[in-house]
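Colleague: Please display the model, and let us discuss it in a few questions and answers.

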Amino acid sequence: MKRVYLEITDACNLNCPFCSYPKGNTFMEYADIEHHVRQIRPFCSYLYLHMLGEPLLHPDFERILDLLDKENMDLQLVTNGLLLNRYPDLLKHRCLRKLSVSLHSINHVPVSEDYFRTIDGLIENDQDRNIELRFYGKQQLDERLQAYLQHLEDACGFTETSKKGSYNLKNHVYVYFSDFFEWPQIDAPFVSDEGTCHGATDMIAINVHHDVTLCCLDPKAYNKIGNLKEKDLSKILSSKTYLNYLADFRRHYFSSELCQRCSYRTRFNS
C-alpha cells in the first residue's frame with residue numbers, strides 16, 4: 001500500500017463547484033483517529049487527511065499532527081490554505097512530507113492580501129518540506145490568480161520537471177497545473193470496464209464515517225469493503241470482498257459500477 005486517505009472531516013469552509021458531492025459537518029473523534037492511524041501504520045506510513053473536507057478545520061488538528069509525528073507517519077497535507085495562519089509551526093512537524101495548497105479553490109472567492117502573503121511565506125521557508133501550489137484549469141483563473149502566477153514566475157522562474165504539469169520554483173517548492181476532472185458518480189455514463197487504476201492496489205480510503213473503500217474518489221463508500229469501527233483493518237484487507245476487488249484491479253478489470261463510470265482513471269491508461 002503506497003498511501004491511505006483518512007478523511008478526518010467532510011466539512012469545508014468553501015463551496016467550490018469543483019466538488020460534486022455536497023459538503024458535510026462531521027468531524028471524526030480524536031480517539032477514533034488515533035485508533036485508525038495505529039491500524040493503518042503496519043500497512044502504510046504515507047497518509048493523506050482528506051477525501052472531501054478541509055482538514056485544517058478539525059478542532060484537534062494540531063494534536064493529530066503530534067500523533068503522526070509520534071507514530072512516524074509521513075503526511076501529504078492538501079488544503080485550500082485559508083486557515084494556514086492558524087498553524088504557524090506547521091512546517092516544523094516531522095510528519096509533514098508535502099504540503100499541497102489548492103489555490104484554484106479560491107478562484108472567484110474574496111480573500112485578503114494576507115492569503116497571498118502566507119503563500120509567499122511558505123515559499124520562503126527554510127524547512128526541508130516539499131511545497132506544491134496547485135492550479136486546475138490554468139486558463140480559467142481569475143485576475144488575482146493570474147497576477148499571482150505572474151508574480152511567482154517573475155520572482156522565481158518556472159523550471160519544468162519530469163512530472164507533467166509540474167514546475168520547480170526553488171528548492172522543494174513547485175507549481176502544478178492540471179486539468180479539471182469529474183468525480184465518479186453512479187449515475188454517470190458508462191466509461192469502460194477495463195483499464196488501469198491505482199485504487200485497491202496502491203491505495204485505500206477511509207471516510208469520516210469510518211467506511212473503508214478502494215480509493216479517494218469514493219467519499220460515499222459505494223465500494224465499501226468494511227468499517228473500522230466494526231472490524232480491524234487487517235481483517236478488512238484479508239476479506240473476500242477486498243481480495244476479489246484486488247484481483248480484478250490487477251487484471252485491469254472493473255466489476256464495480258462506480259469504477260465503470262469513472263473517467264479519472266483513464267489518465268492512467270497506457
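Colleague: Does Lys-2 count as buried or exposed?

Modeller: This is a predicted model, in which local features need pLDDT of at least 70, side-chain atom pairs count only at pLDDT 80 or more, and totals for chains, interfaces and linings use all residues. Residues are numbered from 1 along each chain as its sequence is written, and side-chain values use heavy atoms, with hydrogens and water left out. Buried means under 20% relative accessible area, exposed over 50%, and partly exposed in between (1.4 Å probe, protein chains only). Lys-2 has a relative accessibility of 54%, so Lys-2 counts as exposed.

Colleague: Which side chain meets that of Lys-2 in a salt bridge?

Modeller: A salt bridge here is a side-chain nitrogen of Lys or Arg within 4 Å of a carboxyl oxygen of Asp or Glu. The partner of Lys-2 lies at 3.9 Å, N to O, and at 15% relative accessibility this partner counts as buried. The residue is Asp-202.

Colleague: How many residues apart in sequence are the parts that Lys-2 and Asp-202 tie together?

Modeller: Helices (H or I, at least four residues) and strands (E, at least two) are DSSP runs, numbered from the N terminus. Lys-2 belongs to the segment before strand 1, whereas Asp-202 is in the loop between strand 8 (173-178) and strand 9. The pair therefore ties together parts whose separation in sequence is 200 residues.

Colleague: In which element is Asp-32, the salt-bridge partner of Lys-229?

Modeller: The side chains of Lys-229 and Asp-32 meet at 3.0 Å, N to O. Lys-229 is in the loop between strand 11 and helix 5 (233-236), 197 residues from Asp-32. Asp-32 counts as buried, at 13% relative accessibility, and is in helix 1.

Colleague: How many salt bridges does the structure hold?

Modeller: Among them is the pair of Asp-74 and Arg-94, at 3.8 Å, N to O. Asp-74 is in strand 3, and Arg-94 is in the loop between strand 3 and strand 4. The structure holds 14.
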